[in-house]
Each structure stands twice: as structure tokens, then as C-alpha cells.
Amino acid sequence: QVQLVESGGGSVQAGGSLRLSCAASEYMHSTRLMAWFCHIPGEEREGVAAIYTTIGSTYYADSVKDRFTISQDKAKNTVYLQMNSLKPEDTAMYYCAARVNSLSSDYALRDIAYPNWGQGTQVTVSS
């Protein structure tokens with residue numbers, strides 16, 4: 001099982017930026033797909049961005065395209081989510097997720113595809 005630890009959340013004003021980090025206990029030899037999800041209490045968890053770690057293909061929710069960027073540093077076993085032009089509606093708990101085996105990109109932003117999850121990091125954007 002892959003252990004995931006998120007960091008980098010915090011409070012920021014609208015228009016600001018944050019970079020989230022997700023450190024994985026196993027990376028190059030185990031994970032094939034990693035993603036970021038956001039969750040607001042009372043709502044369903046939503047896929048934000050995903051990356052296929054071996055080929056680097058990325059996928060984004062429409063709501064964050066052109067604002068958020070997912071990237072990876074294989075040497076550090078870490079995936080990042082650069083969040084720019086933040087909006088109050090981006091306020092949520094953000095979770096990192098990982099999948100060992102590859103899967104169709106149709107499932108890249110669906111939480112049912114991921115058996116491994118971090119504890120989450122809170123992002124709060126004020127207007």
C-alpha cells in the first residue's frame with residue numbers, strides 16, 4: 001500500500017497562489033496514476049487533476065483548467081498541485097490519491113479508481 005502525505009495548504013486571498021505537495025512512500029516502482037481531489041463537507045469528493053506517472057499525461061477538471069497545474073518530481077517521490085488565480089469556490093480539503101495499476105483515463109478523475117489516500121490539507125480562499 002502506498003502511503004501519502006500532503007502539505008502546502010493554507011489561507012490565501014482570492015487571486016493568490018498555493019502549491020500543494022504529496023510525498024509518496026513508493027513511487028516509480030509502484031504507482032501509475034496519482035491525482036488530487038477536493039472535498040467540501042456535504043458534497044461529493046471531486047477530481048481536480050491527475051497525472052500518469054510513467055508517461056506524464058495530465059488531466060484536469062474544467063473548473064481548474066488554465067489555473068492549476070499538476071506535476072511530479074520522481075527523484076523526490078512527490079507530486080505537486082500548483083494552484084494559481086485562486087477563487088473562494090476553491091476552498092476545500094484537498095486530498096492526494098494514488099493507484100498502483102494503470103487504468104483508463106476515463107477514470108483518472110474519479111475517486112473510485114484510487115485505493116490509496118492521504119490525510120488531506122485544507123485550502124481556504126477568502127474574497
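Strands are DSSP runs of E of at least two residues, just as helices are DSSP runs of H or I of at least four, and these elements are numbered from the N terminus. The views below show parts of a predicted model.

**View 1. The loop between strand 7 and strand 8, with Asn-77.** Asn-77 belongs to the loop that connects strand 7 with strand 8, and its phi is near 55 degrees, which is a positive value in a residue other than glycine. With a relative accessible area of 24%, Asn-77 is partly exposed.

**View 2. The loop between strand 6 and strand 7, with Asp-66.** Asp-66, placed in the loop between strand 6 and strand 7, likewise has a positive phi although it is a residue other than glycine, the value here being near 75 degrees. The relative accessibility of Asp-66 is 83%, so the residue counts as exposed.

**View 3. The largest nonpolar core, and another core apart from it.** The largest nonpolar core comprises 27 residues, and those with the most contacts inside it are Met-34, Trp-36, Val-48, Leu-81 and Tyr-94. At least two residues of this core come from each of strand 3 (18-24), strand 4 (33-39), strand 5 (46-52), strand 7 (68-73), strand 8 (78-83), strand 9 (92-99) and strand 11 (121-126). Another core, made of nine residues, lies apart from the largest one, and Ala-35, Phe-37, Tyr-52 and Ala-97 are among its members.

**View 4. Strand 4 and its pairing with strand 5 and strand 9.** Of the seven residues of strand 4, six are buried, so this strand is largely enclosed by the rest of the structure. Strand 4 pairs with strand 5 in the antiparallel sense over six bridges, and in this pairing Cys-38 stands opposite Glu-46 of strand 5. The two strands form a hairpin with six residues between them, and in its turn Gly-42 has a positive phi of about 90 degrees. Strand 4 also runs antiparallel to strand 9, to which it is joined by seven bridges, and there Phe-37 has Tyr-95 of strand 9 as its bridge partner.

**View 5. The disulfide of Cys-22 and Cys-96, and the cysteine Cys-38.** The structure contains one disulfide, in which Cys-22 is joined to Cys-96 with an S to S distance of 2.0 Å. The link is left-handed, with -80 degrees about the S-S bond. It connects distant parts of the chain, since Cys-22 sits in strand 3 and Cys-96 in strand 9, 74 residues apart. Both of these cysteines are buried. Cys-38 is also buried, at 11% relative accessibility, but its sulfur is 14 Å from the closest cysteine sulfur, that of Cys-96, which is too far for a bond, given that a disulfide requires sulfur atoms within 2.5 Å.

View 6. The side chain of Glu-6 does, however, reach the backbone nitrogen of Cys-96 at 2.8 Å and the backbone nitrogen of Gln-119 at 2.9 Å.

**View 7. Arg-45 and Asp-111, joined by a salt bridge.** In the structure as a whole there are three salt bridges, one of which pairs Asp-111 with Arg-45, with the closest N and O atoms 3.5 Å apart. Asp-111 is in the loop between strand 9 and strand 10 (116-117), whereas Arg-45 is in the loop between strand 4 and strand 5, so the pair ties together parts that are 66 residues apart in sequence. Both partners are partly exposed, Asp-111 with a relative accessible area of 26% and Arg-45 with one of 32%.

**View 8. The salt bridges of Lys-65 with Asp-62 and of Arg-67 with Asp-90.** The side chains of Lys-65 and Asp-62 meet at 3.1 Å, N to O; Lys-65 is partly exposed, with a relative accessible area of 44%, while Asp-62, at 65% relative accessibility, counts as exposed. In the other salt bridge of this view, the side chains of Arg-67 and Asp-90 meet at 2.8 Å, N to O. Arg-67 lies in the loop between strand 6 (58-60) and strand 7, and Asp-90 in the loop between strand 8 and strand 9, so this pair ties together parts that are 23 residues apart in sequence. Both Arg-67 and Asp-90 are buried.

How values were computed. Residues numbered from 1 in each chain as written. Predicted model: local features only at pLDDT ≥ 70, side-chain atom pairs only at ≥ 80, totals over all residues. Heavy atoms only, no water. Core = buried A, V, L, I, M, F, W, Y, C linked by side-chain atoms within 4.5 Å. Buried < 20%, exposed > 50% of the residue type's maximum accessible area, 1.4 Å probe, protein only. Pairing = 2+ DSSP bridges. Polar contact = N/O pair within 3.5 Å; in protein donor to acceptor, adjacent residues only side chain to side chain. Salt bridge = Lys/Arg side-chain N within 4 Å of Asp/Glu carboxyl O.
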